[in-house]
Amino acid sequence: MSTRNSLKPNGYKYLIGVLVLLLIIYSFRLNSNYQKLEDAFSEQKIELQAELDEIIEDYKNVSVKNKEINKRLIREINKIIDLRDSIKSLEKSNYNLIVKYSRQIVKLERENRRLFIQVDSLNKQNYALLQENIIVKEQLNKNTKSQKTLVAKNKSLISKQKKLKAKVDIAGIIKTSSIRAIAMKERSSGKLTSTSRSSRADAFKVNFDLLANPVTDPGRKEILIQILDQNKNVIAAKGNKKLKNNATIVFSDEIKADYDNNQLGIVSLVLVNRDDINKGRYTINTFVDGIFSGTTTVKLR
């Protein structure tokens with residue numbers, strides 16, 4: 001009886017010791033698990049920050065000329081920087097936020113993938129457009145060179161054409177034979193005979209030939225006769241005409257002749273007033289189709 005009573009307190013002591021030992025073991029294990037959890041939290045936090053840094057660097061390396069896409073990239077970079085800074089300041093006790101931020105990073109990576117695919121597509125389009133632009137520029141340069149060549153050839157042809165036309169125009173000028181001119185007086189019978197005396201001159205007779213020219217156009221030709229005294233005054237003026245060199249002359253006689261490219265004789269009789277004729281030398285000029293063709297003189301005493 002007394003023996004049982006003496007053992008009972010010892011049993012309690014044993015039991016308490018066991019409980020304390022178990023509590024120490026549990027506390028050690030709990031502390032050990034807590035430390036492991038803290039270590040895992042720190043590692044996860046560092047990994048998340050590193051992953052976000054990589055994503056930020058990827059965004060910074062993206063180059064795109066599209067303004068809207070560029071603005072979107074900037075917004076995404078700012079969002080990721082804010083998330084990274086939030087993780088940096090995260091307390092050890094906020095284990096549940098690690099899971100939340102991990103989910104956000106997964107979502108960001110999906111968005112990144114879609115955005116980068118879009119950027120890559122735009123870059124490919126830009127590259128294709130650039131290549132097309134290069135081809136168009138090359139073709140444009142070829143066309144420009146070809147155009148310059150054609151312009152140069154055209155200028156050369158125009159120059160040759162002008163030279164050829166000038167030669168044809170020169171070749172088409174109708175030349176005349178030497179001009180023969182005499183002063184004439186009218187007899188009482190009405191017949192005209194030559195005279196060398198100014199006081200008896202009633203007319204000037206001018207004759208010459210239009211020489212054959214197969215190059216010029218056949219048809220009616222305008223012939224002008226101009227008689228000048230020593231003072232360059234026009235004798236028996238009939239009117240004025242503009243020449244091909246734009247000069248205007250006063251003429252003494254006008255003849256219309258039908259020319260068929262063969263030699264054709266021309267005769268002009270210019271009646272004058274004796275009172276207008278004085279002693280001296282008279283110049284007779286001829287013009288065919290607005291071009292000076294020849295001259296001669298008559299001296300009267």
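I located isoleucine 134 in helix H3, residues 95-172; helices (H or I, at least four residues) and strands (E, at least two) are DSSP runs numbered from the N terminus. I worked on a predicted model, in which local features need pLDDT of at least 70, side-chain atom pairs count only at pLDDT 80 or more, and totals for chains, interfaces and linings use all residues. Residues are numbered from 1 along each chain as its sequence is written, and side-chain values use heavy atoms, with hydrogens and water left out.

I looked up the accessibility of isoleucine 134 and found 36% relative accessibility, so the residue counts as partly exposed (buried is under 20% relative accessible area, exposed over 50%, partly exposed in between; 1.4 Å probe, protein chains only).

I then turned to the sheet. I noted four strands in an open sheet, ordered S7-S4-S9-S10, with antiparallel pairing (two strands pair if DSSP finds at least two bridges between them). I identified S7 (253-259) and S10 (291-300) as the edge strands, each pairing on one side only. I found that strand S4 (residues 219-228) is joined to strand S9 (residues 280-288) by six bridges. I recorded leucine 224 opposite phenylalanine 287 in S9.

I next examined serine 252, in the loop between strand S6 (248-251) and S7. I list serine 252 as buried because its relative accessible area is 0%. I also traced its side chain to the backbone oxygen of isoleucine 235, at 2.7 Å.

Key: A polar contact is a pair of N or O atoms within 3.5 Å; within protein, one must be able to donate a hydrogen and the other to accept it, and residues adjacent in sequence count only if both atoms are side-chain atoms.
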